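Please examine the sequence and the structure before reading on.

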Amino acid sequence: MKKKKLGKNRLDKFYHLAKEQGYRSRAAFKLIQLNRKYNFLGNCKALLDLCAAPGGWLQVAAKTMPVASLIVGVDLVPIKPVRGVKTLVGDITT
């Protein structure tokens, strides 16, 4: 039997882990992995996430970075609010 990998029918473990742990995307685990290796978010004072929807990386950043940090997400589509994060709707190519 083949595994389907179309949209919401993803069957990989990170898709299911993201849903179980409350992350908006499985990409959140990539940022977690990078931060474990390089430990760059703990000392960050500002973060700009371009093409940020649906906001998985913003969730990880808000959870990992110091409380007073500035976290901004920009995308063409509105992003559901994340506590401690500012989001903007805009086109970064113009």
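In which sense do β1 and β2 pair, and over how many bridges? The two strands pair in the parallel sense, over five bridges. The model is predicted, so that local features need pLDDT of at least 70 and side-chain atom pairs pLDDT 80 or more, whereas totals for chains, interfaces and linings use all residues. Residues are numbered from 1 along each chain as its sequence is written, and side-chain values use heavy atoms, without hydrogens and water.

**The sheet**

The open sheet has three strands in the order β1-β2-β3, with parallel pairing. Because β1 (46-50) and β3 (86-89) stand at the edges with a single partner strand each, one side of each lacks a neighbour in the sheet. Strands (E, at least two residues) and helices (H or I, at least four) are DSSP runs numbered from the N terminus; two strands pair if DSSP finds at least two bridges between them.

| Strand pair | Bridges | Bridge partners |
|---|---|---|
| β1 and β2 | five bridges | Asp 49 and Gly 73 |
| β2 and β3 | four bridges | Val 72 and Lys 86 |

**The helices**

The axes of α3 and helix α2 (residues 28-38) come within 8 Å and cross at roughly 40°. Among the residues making this contact are Leu 31 of α2 and Trp 57 of α3.

Terms used
Axes fitted to C-alpha atoms, helices over the stretch in contact; angles between N-to-C directions. Contact = heavy atoms within 4.5 Å.
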